[in-house]
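Let's walk through this structure together, one part at a time. Please keep the viewer open as you read.

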Amino acid sequence: MRYCTFIILISLVFSTGISAGDFLSGGFSRFNITPEKPVTLSGYESRKVLSTGIHDSLYARCCVFQSGAEKVILISTDVIGFYGETASHFVDILSKQFNLQPSQLLLCAIHTHSAPRVTLNEGNGHPNNLEYTAKLEKKLVKLVESAMSDMAPVTLKTGNGSSPVGVNRREVYYDELGNPRMWIGRNPDGSKDREVQVICVSGKDEKLKAVIWDYAVHSTCLGFDNYIISGDVHGLAEQFIERYLGPPVLAPGFAGASGDIDPWYRVLPEIETKNGWIPEPVLLGTLLGEEVVHVIRKMKNSINTLPLLTRKETIICPGKPQGEPKTTPETPETSINVSVVRMGDIVLVGFGGELLCEIGMWIKQASPFKQTIIITHCNGSVGYLPPRHLYHESGYEVLTSPFASGAAEIVIKRTLEILNQLYIAE
Ligand SMILES: [Zn+2]
């Protein structure tokens, strides 16, 4: 196999303090990160002007878990993701500030396309976005500080539901010559992962503290002609859950393997988006949030919370030029980070890129854990990772991917090896 040499792993990082404590502690916090000034929004190159208003507020939510000397900081941020140098910048700041090993931080984003572009680029970032990014940095530090100041023993429950909010977007159409082409549309027959995964975190008094949930869909309901700030599907679902359950419950949401999954609706051109209520994301966010609440109602017994173990690896894969269908001899390797957290019967698997949904489903299916939660846009965003068979079909995700055919299979194999190692570890 030509790519055998690519299965070399670099920066294999084991956190210190593997020995677990006797119990799991948790601390939780939420900060409003809605921009105070108009900003450029991230996700569509066509949008050149600044945002025109706020539909719903954006938040960053933090869960800190600790057992003995091991800890993990799990952050969900209502932005599109941490692209380019912004990921390492924020990870460095938080790691230094809180003396973290690389495996102890999962800085994640819900991938809403109606949030400010996070940028450090003084050359082409709008001054308001640069200011926003600087403020976000300070807020994230305070967010973690706040969660760490509120640590107390916790118990966990977990459950699963199902939601139709996401649909496969890889749709075939025929060009003027009758040739099949792949574009971003709606393909109800395509692969999709309807699973809604939920972890409930309660105090020793059984009172709910946090609801960590995950669902594979792009938060792109509002589309490319929207200029109003919104958390879109994930952000509105988070807010629905928090309002339904009441304070102090936090509901950090995470995007699963959603590279080829869009929400069922996008805003129609005739719908007025300038003022007030925008039906589609509110409807879909509510539906998704309600399913999370439904899963919580069905939960019964607490599960094992220990051991708490963390791993981080950079998996080297065959790369290709973005915009080209295939690799070339000069194409450098491409890597993707995987951050893994075991809490007893549960494992969180965070990837610094956009996995297409089948990859997440395969990892979940083959995982030895009771609950395996795939998180994308975690500690970076290297681009789309499609499974090998989709390279024959091409399409947006394949063309723009920095990975060559076969990369996903390397990532799946290595991820499952890590999960199996963690499963037998104590
Ligand atoms: Zn995306």
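Before we look at any pair of helices, a word on how their axes are drawn: each axis is a line fitted to C-alpha atoms, over the stretch in contact, and angles run from 0 to 180 degrees between N-to-C directions. Keep in mind, too, that this is a predicted model.

With that in hand, start with helix H3 (residues 232–245) and helix H4 (residues 279–298), whose axes come within 7 Å and cross at roughly 50 degrees. An angle that falls between 35 and 65 degrees counts as oblique, and H3 and H4 are therefore oblique to each other. The crossing in which H3 passes H4 is right-handed. On the H3 side, the contact is made by Asp232, Val233, Leu236, Ala237, Phe240, Ile241 and Tyr244. H4 answers with Pro281, Val282, Leu284, Gly285, Thr286, Leu288, Gly289, Glu290, Val292 and Val293. Sorted by class, the contact of H3 with H4 has 12 nonpolar, three polar and two charged residues.

Asp232 lies in helix H3 and has a positive phi of about 55 degrees, although it is not a glycine. Most residues other than glycine have a negative phi. Is Asp232 buried or exposed? With 34 other C-beta atoms within 10 Å, Asp232 is buried, since the cut-off for that class is 20 or more.

A second residue with a positive phi is His111, at about 75 degrees, and it is not a glycine either. You will find His111 in the loop between strand S6 (105–109) and H2. His111 has 27 other C-beta atoms within 10 Å and is therefore buried.

H2 brings us to the other helix pair. Helix H1 (residues 85–98) and helix H2 (residues 127–148) pack at an angle of about 40 degrees, and their axes are 10 Å apart. That angle makes H1 oblique to H2, and H1 passes H2 in a right-handed crossing. Which residues meet here? From H1 come Phe90, Ile93, Leu94, Gln97 and Phe98, and from H2 come Glu137, Leu140, Val141 and Val144. The residues of this contact divide into seven nonpolar, one polar and one charged.

Now step back to the whole chain. The domain assignment gives domain 1 (2–19 + 304–424) and domain 2 (25–298). How far apart are the C-alpha centres of domain 1 and domain 2? They lie 20 Å apart. Across the boundary, 47 residues of domain 1 are in contact with 41 residues of domain 2. Several elements each supply at least two residues of the side of domain 1 that touches domain 2, among them strand S16 (308–317), strand S17 (334–343), helix H5 (357–366) and helix H6 (396–400). That side of domain 1 divides into 22 nonpolar, 18 polar and seven charged residues.

H5 is worth a visit of its own. Its buried residues are Cys357, Glu358, Ile359, Gly360, Ile363 and Lys364. What covers these residues includes strand S15 (261–263), S18, S19, S20, S21 and helix H7 (407–424).

Let's finish in the loops. Val39 lies in the loop between strand S2 (25–32) and strand S3 (53–54), and with 24 C-beta neighbours inside 10 Å it counts as buried. Val39 and Leu50 are 11 residues apart in sequence, yet 4.9 Å apart in space from C-alpha to C-alpha. Not counting residues up to four places away in sequence, Val39 touches Leu50, Ser51, Pro116, Arg117, His126, Asn128, Asn129 and Tyr132.

Thr331 sits in the loop between S16 and S17. With 15 C-beta neighbours inside 10 Å, Thr331 counts as partly exposed. Lys320 is 11 residues from Thr331 along the chain, and their C-alpha atoms are separated by 5.4 Å. Leaving aside neighbours within four places in sequence, Thr331 is in contact with Gly319, Lys320, Pro321 and Ala404.

Most peptide bonds are trans. A cis peptide bond joins Pro247 and Pro248, with omega about 10 degrees, and Pro248 is found in the loop between H3 and strand S14 (253–255). Another cis peptide bond joins Leu306 and Pro307, with omega about 5 degrees; Pro307 has its place in the loop between H4 and S16.

Methods:
Residues are numbered from 1 along each chain as its sequence is written. This is a predicted model: local features need pLDDT of at least 70, side-chain atom pairs count only at pLDDT 80 or more; totals for chains, interfaces and linings use all residues. Domain bounds come from an automatic or database domain assignment. Two residues are in contact if their C-beta atoms, placed from the backbone, lie within 7 Å. Helices (H or I, at least four residues) and strands (E, at least two) are DSSP runs, numbered from the N terminus. Ala, Val, Leu, Ile, Met, Phe, Trp, Tyr, Cys and Pro count as nonpolar, Asp, Glu, Lys and Arg as charged, and the others, Gly among them, as polar. A residue is buried if 20 or more other C-beta atoms lie within 10 Å of its own, exposed if 12 or fewer, and partly exposed in between; C-beta atoms are placed from the backbone. Angles under 35 degrees count as roughly parallel, over 145 as roughly antiparallel, 65 to 115 as roughly perpendicular and the rest as oblique. A crossing is left-handed if the near helix is turned anticlockwise from the far one by less than a right angle, and right-handed if clockwise.
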